[in-house]
Amino acid sequence: MPRRQLGRHLRELRNRARMTTRTAAQQLEWSEAKIWRIETGQTSLRSLDVEAMCKVYGAPGDIVAPLTALARETKARGWWTGYGDVIAEGYDAYIGLEEAAWALRSYEHALIPGLLQTEGYTRAMLAAARPSAPATEIDRRVQLRAARQQLVVRAEAPVRLDAVITEAALTHRIGDAGVHAEQLEHLLRLCELPTVRVRMVPTESGYHDGMETGRFVMLEFPDGRMGEPPEPPVVYIEAFTGPVYLDKEPEIERYRKAFAGIEAAAVDVRTVIDDLR
(Lines give C-alpha, C1' and ligand atoms only; values in the text may rest on other atoms or scores of the structure.)
Protein backbone atom coordinates (compact mmCIF):
# COMPACT_ATOMS: atom_id res chain seq x y z
CA MET A 1 0.00 0.00 0.00
CA PRO A 2 2.77 2.57 0.70
CA ARG A 3 4.15 1.85 -2.78
CA ARG A 4 0.77 2.51 -4.35
CA GLN A 5 0.20 5.67 -2.33
CA LEU A 6 3.61 7.02 -3.23
CA GLY A 7 3.20 6.14 -6.89
CA ARG A 8 -0.16 7.88 -7.05
CA HIS A 9 1.22 11.06 -5.45
CA LEU A 10 4.19 11.10 -7.81
CA ARG A 11 1.97 10.56 -10.84
CA GLU A 12 -0.24 13.47 -9.74
CA LEU A 13 2.85 15.68 -9.39
CA ARG A 14 4.03 14.71 -12.89
CA ASN A 15 0.62 15.44 -14.37
CA ARG A 16 0.44 18.82 -12.64
CA ALA A 17 3.81 19.63 -14.16
CA ARG A 18 2.30 18.73 -17.56
CA MET A 19 5.10 16.29 -18.12
CA THR A 20 4.86 13.01 -20.02
CA THR A 21 6.50 9.85 -18.74
CA ARG A 22 8.99 10.12 -21.61
CA THR A 23 9.99 13.67 -20.65
CA ALA A 24 10.24 12.73 -16.98
CA ALA A 25 12.38 9.71 -17.80
CA GLN A 26 14.69 11.82 -19.96
CA GLN A 27 15.17 14.45 -17.27
CA LEU A 28 15.75 11.84 -14.56
CA GLU A 29 17.92 9.72 -16.90
CA TRP A 30 15.73 6.71 -16.20
CA SER A 31 13.72 4.44 -18.45
CA GLU A 32 10.02 5.01 -19.06
CA ALA A 33 9.43 1.51 -17.70
CA LYS A 34 10.93 2.57 -14.37
CA ILE A 35 8.58 5.56 -14.16
CA TRP A 36 5.64 3.26 -14.92
CA ARG A 37 6.68 0.75 -12.25
CA ILE A 38 7.00 3.53 -9.67
CA GLU A 39 3.65 5.11 -10.50
CA THR A 40 1.82 1.77 -10.41
CA GLY A 41 3.32 0.85 -7.04
CA GLN A 42 5.31 -2.11 -8.29
CA THR A 43 8.68 -1.14 -6.87
CA SER A 44 10.13 0.36 -3.72
CA LEU A 45 11.93 3.70 -3.80
CA ARG A 46 14.89 5.38 -2.13
CA SER A 47 14.35 8.74 -0.51
CA LEU A 48 16.95 10.23 -2.86
CA ASP A 49 14.94 9.07 -5.87
CA VAL A 50 11.80 10.70 -4.51
CA GLU A 51 13.67 13.93 -3.88
CA ALA A 52 14.96 13.87 -7.46
CA MET A 53 11.47 13.35 -8.85
CA CYS A 54 10.02 16.11 -6.70
CA LYS A 55 12.71 18.48 -7.95
CA VAL A 56 12.06 17.66 -11.61
CA TYR A 57 8.29 18.02 -11.11
CA GLY A 58 8.61 21.31 -9.22
CA ALA A 59 6.83 19.91 -6.17
CA PRO A 60 6.07 22.29 -3.27
CA GLY A 61 8.68 22.03 -0.53
CA ASP A 62 6.19 21.08 2.16
CA ILE A 63 5.26 17.77 0.53
CA VAL A 64 8.79 16.52 -0.13
CA ALA A 65 9.40 15.35 3.45
CA PRO A 66 6.13 13.35 3.72
CA LEU A 67 6.84 11.67 0.39
CA THR A 68 10.39 10.73 1.34
CA ALA A 69 9.04 9.30 4.61
CA LEU A 70 6.54 7.28 2.58
CA ALA A 71 9.43 6.06 0.42
CA ARG A 72 11.07 4.56 3.49
CA GLU A 73 7.86 2.63 4.20
CA THR A 74 8.00 1.06 0.73
CA LYS A 75 11.02 -0.95 1.90
CA ALA A 76 8.87 -2.90 4.38
CA ARG A 77 8.53 -6.59 3.57
CA GLY A 78 5.16 -8.34 3.74
CA TRP A 79 4.68 -11.94 4.84
CA TRP A 80 4.29 -12.98 1.21
CA THR A 81 7.89 -12.13 0.36
CA GLY A 82 8.77 -15.48 1.92
CA TYR A 83 7.01 -17.10 -1.04
CA GLY A 84 8.93 -15.16 -3.66
CA ASP A 85 10.01 -18.39 -5.35
CA VAL A 86 6.42 -19.19 -6.37
CA ILE A 87 4.94 -15.71 -6.87
CA ALA A 88 4.69 -14.63 -10.49
CA GLU A 89 6.17 -11.29 -11.50
CA GLY A 90 3.80 -8.47 -10.57
CA TYR A 91 1.54 -10.68 -8.45
CA ASP A 92 3.21 -9.64 -5.20
CA ALA A 93 1.69 -6.19 -5.73
CA TYR A 94 -1.77 -7.76 -5.85
CA ILE A 95 -1.22 -9.74 -2.65
CA GLY A 96 -0.16 -6.55 -0.89
CA LEU A 97 -3.29 -4.74 -2.11
CA GLU A 98 -5.47 -7.70 -1.14
CA GLU A 99 -3.95 -7.63 2.35
CA ALA A 100 -4.78 -3.93 2.72
CA ALA A 101 -8.33 -4.12 1.33
CA TRP A 102 -11.47 -4.11 3.45
CA ALA A 103 -13.74 -5.38 0.65
CA LEU A 104 -13.31 -7.48 -2.48
CA ARG A 105 -15.77 -7.96 -5.32
CA SER A 106 -14.82 -10.74 -7.68
CA TYR A 107 -16.20 -12.32 -10.81
CA GLU A 108 -14.89 -15.69 -11.97
CA HIS A 109 -16.17 -17.54 -15.02
CA ALA A 110 -14.04 -20.70 -15.03
CA LEU A 111 -12.79 -21.59 -11.53
CA ILE A 112 -13.75 -21.23 -7.89
CA PRO A 113 -12.04 -18.03 -6.66
CA GLY A 114 -8.71 -18.69 -4.95
CA LEU A 115 -9.84 -17.34 -1.57
CA LEU A 116 -12.69 -19.87 -1.55
CA GLN A 117 -10.83 -22.98 -2.69
CA THR A 118 -10.16 -26.06 -0.58
CA GLU A 119 -6.63 -27.41 -0.39
CA GLY A 120 -7.67 -30.41 -2.47
CA TYR A 121 -9.16 -28.22 -5.20
CA THR A 122 -6.09 -25.97 -5.29
CA ARG A 123 -3.72 -28.90 -5.40
CA ALA A 124 -5.65 -30.66 -8.19
CA MET A 125 -5.85 -27.46 -10.24
CA LEU A 126 -2.14 -26.67 -9.87
CA ALA A 127 -1.09 -30.23 -10.65
CA ALA A 128 -3.15 -30.15 -13.85
CA ALA A 129 -1.93 -26.69 -14.86
CA ARG A 130 1.74 -27.47 -14.10
CA PRO A 131 2.21 -31.17 -14.83
CA SER A 132 6.00 -30.88 -14.87
CA ALA A 133 6.28 -28.93 -11.61
CA PRO A 134 7.96 -30.79 -8.72
CA ALA A 135 5.82 -31.72 -5.74
CA THR A 136 7.72 -29.23 -3.55
CA GLU A 137 6.67 -26.36 -5.82
CA ILE A 138 3.03 -27.44 -5.75
CA ASP A 139 3.20 -27.64 -1.96
CA ARG A 140 4.59 -24.10 -1.75
CA ARG A 141 1.85 -22.74 -4.00
CA VAL A 142 -0.82 -24.48 -1.95
CA GLN A 143 0.66 -23.00 1.24
CA LEU A 144 0.69 -19.52 -0.29
CA ARG A 145 -2.97 -19.75 -1.20
CA ALA A 146 -3.86 -21.05 2.26
CA ALA A 147 -2.05 -18.08 3.80
CA ARG A 148 -4.01 -15.66 1.61
CA GLN A 149 -7.28 -17.30 2.63
CA GLN A 150 -6.79 -16.16 6.22
CA LEU A 151 -8.14 -12.78 5.06
CA VAL A 152 -11.58 -14.34 4.84
CA VAL A 153 -11.69 -16.41 8.04
CA ARG A 154 -9.57 -14.44 10.50
CA ALA A 155 -11.31 -13.44 13.72
CA GLU A 156 -10.32 -9.77 13.61
CA ALA A 157 -11.53 -7.58 10.73
CA PRO A 158 -11.98 -10.24 8.06
CA VAL A 159 -12.20 -8.91 4.52
CA ARG A 160 -15.70 -8.59 3.08
CA LEU A 161 -15.95 -10.82 0.01
CA ASP A 162 -18.71 -10.59 -2.60
CA ALA A 163 -18.01 -13.25 -5.20
CA VAL A 164 -19.98 -14.11 -8.33
CA ILE A 165 -19.16 -17.25 -10.27
CA THR A 166 -20.74 -18.88 -13.29
CA GLU A 167 -22.54 -22.20 -13.23
CA ALA A 168 -19.65 -23.64 -15.25
CA ALA A 169 -17.17 -22.64 -12.52
CA LEU A 170 -19.37 -24.36 -9.94
CA THR A 171 -20.04 -27.59 -11.81
CA HIS A 172 -16.80 -28.05 -13.74
CA ARG A 173 -14.95 -30.81 -11.92
CA ILE A 174 -11.40 -30.08 -10.73
CA GLY A 175 -9.93 -33.23 -9.23
CA ASP A 176 -11.98 -36.32 -8.50
CA ALA A 177 -15.54 -36.60 -7.23
CA GLY A 178 -14.38 -36.40 -3.61
CA VAL A 179 -12.50 -33.15 -4.21
CA HIS A 180 -15.52 -31.68 -5.99
CA ALA A 181 -17.92 -32.65 -3.20
CA GLU A 182 -15.57 -31.25 -0.55
CA GLN A 183 -15.34 -27.97 -2.45
CA LEU A 184 -19.12 -27.61 -2.57
CA GLU A 185 -19.39 -28.25 1.18
CA HIS A 186 -16.64 -25.72 1.80
CA LEU A 187 -18.53 -23.06 -0.14
CA LEU A 188 -21.62 -23.72 1.95
CA ARG A 189 -19.64 -23.28 5.18
CA LEU A 190 -18.06 -20.05 3.99
CA CYS A 191 -21.44 -18.65 3.01
CA GLU A 192 -22.45 -18.90 6.67
CA LEU A 193 -19.91 -16.18 7.48
CA PRO A 194 -21.50 -12.71 7.69
CA THR A 195 -18.72 -11.23 5.55
CA VAL A 196 -18.93 -13.72 2.67
CA ARG A 197 -21.52 -13.68 -0.10
CA VAL A 198 -21.29 -16.05 -3.07
CA ARG A 199 -23.70 -15.91 -5.99
CA MET A 200 -23.89 -17.87 -9.24
CA VAL A 201 -24.93 -16.91 -12.76
CA PRO A 202 -27.00 -19.76 -14.23
CA THR A 203 -26.14 -20.95 -17.72
CA GLU A 204 -29.65 -20.15 -18.96
CA SER A 205 -29.45 -16.54 -17.74
CA GLY A 206 -28.51 -15.26 -21.19
CA TYR A 207 -26.23 -12.29 -21.75
CA HIS A 208 -24.58 -10.59 -18.79
CA ASP A 209 -21.71 -8.10 -18.44
CA GLY A 210 -19.24 -10.76 -17.35
CA MET A 211 -19.22 -12.11 -20.88
CA GLU A 212 -17.35 -8.97 -21.91
CA THR A 213 -15.30 -8.18 -18.82
CA GLY A 214 -13.89 -11.65 -18.18
CA ARG A 215 -12.63 -12.46 -14.69
CA PHE A 216 -11.70 -9.57 -12.39
CA VAL A 217 -11.41 -8.46 -8.77
CA MET A 218 -12.29 -5.00 -7.48
CA LEU A 219 -10.49 -4.07 -4.28
CA GLU A 220 -11.71 -1.32 -1.95
CA PHE A 221 -9.69 0.12 0.91
CA PRO A 222 -10.47 1.49 4.38
CA ASP A 223 -9.99 5.06 5.50
CA GLY A 224 -6.37 6.09 5.81
CA ARG A 225 -4.45 6.93 8.90
CA MET A 226 -5.37 10.08 10.80
CA GLY A 227 -8.79 10.24 9.12
CA GLU A 228 -7.38 10.48 5.61
CA PRO A 229 -9.74 9.45 2.78
CA PRO A 230 -9.40 5.86 1.58
CA GLU A 231 -7.16 4.90 -1.28
CA PRO A 232 -9.04 4.77 -4.58
CA PRO A 233 -10.29 1.31 -5.56
CA VAL A 234 -8.31 -0.94 -7.89
CA VAL A 235 -9.52 -3.43 -10.47
CA TYR A 236 -7.18 -6.38 -10.89
CA ILE A 237 -7.30 -8.52 -14.02
CA GLU A 238 -5.26 -11.71 -14.10
CA ALA A 239 -4.43 -11.83 -17.81
CA PHE A 240 -2.68 -14.81 -19.40
CA THR A 241 0.49 -12.78 -20.01
CA GLY A 242 0.54 -11.01 -16.64
CA PRO A 243 -1.44 -8.87 -14.21
CA VAL A 244 -3.30 -5.70 -15.18
CA TYR A 245 -4.18 -3.01 -12.61
CA LEU A 246 -6.81 -0.33 -13.33
CA ASP A 247 -7.35 2.60 -11.00
CA LYS A 248 -8.64 5.51 -13.08
CA GLU A 249 -12.09 6.70 -11.99
CA PRO A 250 -13.83 6.04 -15.35
CA GLU A 251 -12.39 2.51 -15.41
CA ILE A 252 -13.53 1.81 -11.86
CA GLU A 253 -17.02 3.12 -12.59
CA ARG A 254 -17.37 0.87 -15.64
CA TYR A 255 -16.43 -2.18 -13.59
CA ARG A 256 -18.81 -1.16 -10.80
CA LYS A 257 -21.66 -1.09 -13.28
CA ALA A 258 -20.51 -4.35 -14.84
CA PHE A 259 -20.43 -6.08 -11.45
CA ALA A 260 -23.92 -4.79 -10.67
CA GLY A 261 -25.10 -6.19 -13.99
CA ILE A 262 -23.49 -9.57 -13.31
CA GLU A 263 -25.03 -9.69 -9.83
CA ALA A 264 -28.46 -8.93 -11.27
CA ALA A 265 -28.26 -12.16 -13.29
CA ALA A 266 -27.04 -14.25 -10.33
CA VAL A 267 -28.73 -16.37 -7.67
CA ASP A 268 -27.64 -17.49 -4.21
CA VAL A 269 -25.11 -20.26 -4.71
CA ARG A 270 -26.45 -22.17 -1.70
CA THR A 271 -29.72 -22.99 -3.42
CA VAL A 272 -27.83 -24.40 -6.41
CA ILE A 273 -25.43 -26.47 -4.29
CA ASP A 274 -28.38 -27.99 -2.41
CA ASP A 275 -29.73 -29.21 -5.75
CA LEU A 276 -26.32 -30.66 -6.73
CA ARG A 277 -25.77 -32.64 -3.53
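Modeller: Let's start with the term itself: a salt bridge is a side-chain nitrogen of Lys or Arg within 4 Å of a carboxyl oxygen of Asp or Glu. Keep in mind that this is a predicted model, where local features need pLDDT of at least 70 and side-chain atom pairs count only at pLDDT 80 or more, while totals for chains, interfaces and linings use all residues. Residues are numbered from 1 along each chain as its sequence is written, and side-chain values use heavy atoms, with hydrogens and water left out.

Colleague: Okay, so how many salt bridges does a search of the whole structure find?

Modeller: The general idea is that side chains of opposite charge can pair when their charged atoms come close. Here the search turns up 20 salt bridges. One of them joins Arg140 and Asp85, at 2.7 Å from N to O.

Colleague: Which parts does that pair tie together?

Modeller: Arg140 sits in helix α8 (residues 135-148) and Asp85 in the loop between α5 (61-73) and α6 (91-100), so the bridge connects parts 55 residues apart in sequence. Helices here are DSSP runs of H or I with at least four residues, strands are E runs of at least two, and both are numbered from the N terminus.

Colleague: And is Asp85 buried or exposed?

Modeller: Buried means under 20% relative accessible area, exposed over 50%, and partly exposed in between, with a 1.4 Å probe and protein chains only. Asp85 is exposed at 54%, and Arg140 is partly exposed at 24%.

Colleague: Where does Glu220 lie, and where is Arg256?

Modeller: Those two form a salt bridge with their closest N and O atoms 2.9 Å apart. Glu220 is in strand β4 (residues 216-220) and Arg256 in helix α13 (residues 249-264), 36 residues apart. Glu220 counts as buried, at 15% relative accessibility.

Colleague: Now the inside: how many residues does the largest nonpolar core have?

Modeller: A nonpolar core is a set of buried Ala, Val, Leu, Ile, Met, Phe, Trp, Tyr and Cys residues joined through side-chain atoms within 4.5 Å. The largest one has 48 residues, and Leu104, Leu116, Leu170, Leu219 and Val269 have the most contacts inside it. Helix α11 (residues 177-191) gives the most to this core, with six residues. There's also a second, separate core of 20 residues, which includes Leu13, Ala25, Tyr57 and Leu67.
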